[in-house]
Amino acid sequence: RGLRLLRQDPEETLFAFITSANNNITRITKLLRKLCIAYGNPLYLENGDVTNWTFPSLEILAQPGMQDNLKKIGFGYRSKFIELAANWLLKNGGRSCLLELRSKSHCEAQAFLLQIPGIGKKVADCICLCALDKVNVVPVDVHMRRAAHERGILESSNKNLTSKSYDIISKSLSDIWGNYAGWAQVIHFYTRMLESKPNKKLKQTLNHTIINR
């Protein structure tokens with residue numbers, strides 16, 4: 001029970017965050033499940049029942065025509081970037097290259113990820129935090145912009161977020177929250193979500209917050 005930051009598989013995390021663009025958690029979950037059922041391998045219980053499906057491999061996601069197939073199950077414009085990202089990764093080291101980013105600096109990991117189609121700074125930093133051991137990284141969304149504004153980091157949280165402003169907010173909040181700033185970001189994000197969408201069960205969970213890596 002509680003709030004946890006998991007050390008997730010980098011390959012699956014990358015495609016999950018590409019899917020997250022202009023999306024909500026419920027729909028993201030449904031889309032990823034559809035993806036696994038359609039293109040992953042079934043996992044069986046001892047009695048032969050299927051309990052779940054593996055995440056599709058890069059080779060499968062990079063197949064010609066995958067973009068059209070993904071559109072049919074609801075991925076919309078994200079379909080293009082999933083196929084392009086899978087192809088790019090296969091040409092640039094694949095899964096092993098993603099795993100190697102865990103031993104690289106945040107700047108090196110972010111720079112590598114930004115070369116991948118469909119990935120901007122926020123998504124790159126989300127991947128760094130959730131899958132690449134960069135626990136001091138603060139991905140910047142609307143909630144973090146407000147946090148920055150409240151702390152006097154930027155004059156307004158309503159202006160368009162430039163690349164320079166993104167870097168200022170992320171670094172400033174990381175400096176304030178310390179070596180585990182990414183964990184603090186998760187709690188802050190969750191708290192903001194509660195404020196915007198009050199829910200009794202969520203509030204009870206927040207009272208027993210635990211973050212594990």
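1. The model is predicted: local features need pLDDT of at least 70, side-chain atom pairs count only at pLDDT 80 or more, and totals for chains, interfaces and linings use all residues. Residues are numbered from 1 along each chain as its sequence is written, and side-chain values use heavy atoms, with hydrogens and water left out.

2. The chain has 12 helices and two strands. Helices (H or I, at least four residues) and strands (E, at least two) are DSSP runs, numbered from the N terminus. In sequence order the pattern reads α-α-β-β-α-α-α-α-α-α-α-α-α-α. Of the 213 residues, 39% are buried, where buried means under 20% relative accessible area, exposed over 50% and partly exposed in between (1.4 Å probe, protein chains only). Among contacts (heavy atoms within 4.5 Å) with a separation of 6 or more, 60% join residues 24 or more positions apart.

3. The largest nonpolar core holds 34 residues. Such a core is a set of buried Ala, Val, Leu, Ile, Met, Phe, Trp, Tyr and Cys residues joined through side-chain atoms within 4.5 Å. The residues with the most contacts inside this core are L14, F15, L89, F112, L113, I116 and I119. Two or more residues each come from α1 (10-19), α2 (25-39), α3 (58-61), α4 (66-72), α5 (78-91), α6 (94-100), α7 (106-113) and α8 (121-131).

4. F112 lies in helix α7 and counts as buried, at 13% relative accessibility. Leaving aside neighbours within four places in sequence, F112 touches W88, L89, N92, C97, L98 and L101.

5. α1 and α8 pack at about 145 degrees with axes 10 Å apart; axes are lines fitted to C-alpha atoms, for helices over the stretch in contact, and angles run from 0 to 180 degrees between N-to-C directions. P10, T13, L14 and F17 of α1 meet V123, C126, I127, C130 and A131 of α8. By class, this contact has eight nonpolar, one polar and no charged residues. Ala, Val, Leu, Ile, Met, Phe, Trp, Tyr, Cys and Pro count as nonpolar, Asp, Glu, Lys and Arg as charged, and the others, Gly among them, as polar.

6. α8 is mostly covered, with nine of its 11 residues buried. Among the buried residues of α8 are D125, C126, C128 and C130. D133, in the loop between α8 and α9 (142-150), has a positive phi near 65 degrees and is not a glycine.

7. N22 is another non-glycine residue with a positive phi, about 50 degrees. N22 sits in the loop between α1 and α2 and is exposed, at 71% relative accessibility.

8. S79 lies in helix α5 and is buried, with a relative accessible area of 0%. Beyond neighbours within four places in sequence, S79 is in contact with Q67, L70 and K71.

9. The whole structure contains three aromatic pairs. One of them, Y180 with W183, is tilted, at 4.9 Å centre to centre and 45 degrees between the planes. Rings of Phe, Tyr and Trp (its six-membered ring) pair if their centres lie within 6.5 Å; planes under 30 degrees apart count as stacked, over 60 as edge-to-face and the rest as tilted.
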